Amino acid sequence: MRMAFTFGFNQVISHGFGLFLFAALVPLMQQSVDITSWHLATIGALTQLAYLAGAMLLGVIGHRLDSGKLLLGSGLLTSTLLFAMAWLNDPLMITLVLTVMAFSAAFCWGGIVEMTTCYGRADRTSTNLSIAASGTAWGYSFNGLVILLVVPVFGWRSGWIAAAVFGLVVLLATLHLLRSLKRSSDNNANINVELLIPSSAMSSGQLFKTVVTERTAFLSCLVLFLVGLSTMTFSTWLNVFLAQLELPASLGGYTWSVIGITGMVAGFVVGKLADQKGHGLALVAIFAAFAMGLTAFTYDPAKFVLLAGIGYGLMYFPIWGIIAGWVSKQYSSKATMQINGLGMVTFGLGGALGNLMAGFINDATGSLSNVYWLITAVSGVLLVLAGYIYLSGRTPANGEPLVGAH
């Protein structure tokens, strides 16, 4: 549990602060820094592209890097840049710093996946990864505490400083954990031999071939593509949709609070379900909750928006741990990190496609109602895929070992 929670706090720093703290503080920052709508649009586009670039690079060369050093480097870089944000007044410099932090965030999660699958207990892989992934949900809560407790007293710049200080504390805790893991592995007579075998990773050509031709790798990327298409579109346009329906703005705030709280709990509960009952069943459970919430919300947004938030939180945060844990059952830790890196890319592409489609539909019809029916249909496809994964099991059909497998 120590490893899972330490890595979860790394997610707080890299994703909770590195990706989302700016969105929470930007209304206050605009009072003293000339951040225009053009700047916000540019930041949104560049950070997404940077995250995709980091994920793609991770998939291609991540197996050549030491994941422990990768994690520490990402934490140190992000903490330094969080501190720098407190002193910046130039919107262009702010854009550059946020872009670099988004690039670094992709490497942080990749390092977490490789370290967890390599050093963690095999029977707790999904639990540990889901808890770590839910660190993003913890980050939502920490951002709220910063805004409520720190910023009103010391100003918005203090919010960035507080995040940086917290990042350094997490960095020290991570360094201590990694040293402990190394000592434990050195003293363990049953040390995982894959640590000594470079061939457990895949070349770029093998990686792309594996994702296209092998069932587990292909389905993991397809699922993450559809998750990106549905969740990113849902979250981006939610408040706009509620405003179109002339519903109170506070309803959106309550929904995001419910999402964060649900995500914090789901990381442990769903991960444990995956480890004990199987990844297929866990996928069926979370996609069923997501589909039910979306169906009810699209039918009656005012009445069921909180239910949709619960379904979103139950699915979005644990999915990363469940998918990575499922892939790790058939591939080495290095190969799992590489496949997960490409999965992150497909997730981002799905999110980009979903937002483009939503913008086109909204401009053409003047309403987002059809967009949310489309998202609901995608959630149904995810549920069908989960059912297929559950029913077909996890062993290759031909019984042959997979590329990069243990």
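View 1. Glu246 counts as exposed, with a relative accessibility of 73% (exposed means over 50% relative accessible area, buried under 20%, and partly exposed in between, using a 1.4 Å probe and protein chains only). This is a predicted model, in which local features need pLDDT of at least 70, side-chain atom pairs count only at pLDDT 80 or more, and totals for chains, interfaces and linings use all residues. Residues are numbered from 1 along each chain as its sequence is written, and side-chain values use heavy atoms, with hydrogens and water left out. Glu246 lies in the loop between helix 10 (215–244) and helix 11 (249–277); helices here are DSSP runs of H or I with at least four residues, strands are runs of E with at least two, and both are numbered from the N terminus. Although Glu246 is not a glycine, its phi is positive, at about 60°.

**View 2. Helix 1 against helix 4.** Two packed helices are described by the angle between their axes and the distance between the axes. The axes of helix 1 (residues 2–17) and helix 4 come within 10 Å and cross at roughly 45°; each axis is a line fitted to C-alpha atoms over the stretch in contact, and angles run from 0 to 180 degrees between N-to-C directions. The two helices are therefore oblique to each other (angles under 35 degrees count as roughly parallel, over 145 as roughly antiparallel, 65 to 115 as roughly perpendicular, and the rest as oblique). Their crossing is left-handed, a term for a near helix turned anticlockwise from the far one by less than a right angle, with clockwise being right-handed. Phe7, Asn10, Ile13, Ser14 and Phe17 of helix 1 meet Leu71, Thr78, Ser79 and Leu82 of helix 4, where contact means heavy atoms within 4.5 Å.

**View 3. Leu82 and its surroundings.** Leu82 belongs to helix 4 (residues 67–85) and counts as buried, at 0% relative accessibility. Apart from neighbours within four places in sequence, Leu82 is in contact with Ile13, Phe17, Met101, Trp160, Ala163 and Ala164.

**View 4. Helix 12 beside helix 13.** The axes of helix 12 (residues 279–299) and helix 13 (residues 301–328) come within 7 Å and cross at roughly 160°. These helices are therefore roughly antiparallel to each other, and their crossing is left-handed. The residues of the contact comprise 21 nonpolar, five polar and no charged (Ala, Val, Leu, Ile, Met, Phe, Trp, Tyr, Cys and Pro count as nonpolar, Asp, Glu, Lys and Arg as charged, and the others, Gly among them, as polar).

**View 5. Helix 5 against helix 14.** Helix 5 (residues 91–119) and helix 14 (residues 333–365) have axes that come within 8 Å and cross at roughly 150°. The crossing is right-handed. Among the residues in contact are Trp109 and Glu114 of helix 5, and Lys334 and Met337 of helix 14. The contact residues divide into six nonpolar, six polar and two charged.

View 6. The structure holds 18 aromatic pairs; rings of Phe, Tyr and Trp (its six-membered ring) pair if their centres lie within 6.5 Å, and planes under 30 degrees apart count as stacked, over 60 as edge-to-face and the rest as tilted. The ring centres of Phe234 and Tyr372 are 5.8 Å apart and the planes stand at 75°, so this pair is edge-to-face. Phe234 in helix 10 and Tyr372 in helix 15 (residues 369–392) are 138 residues apart. Phe234 is buried, with a relative accessible area of 0%, and Tyr372 counts as buried at 0% relative accessibility. Both residues belong to one aromatic cluster, whose members include Phe241, Tyr312 and Trp320.
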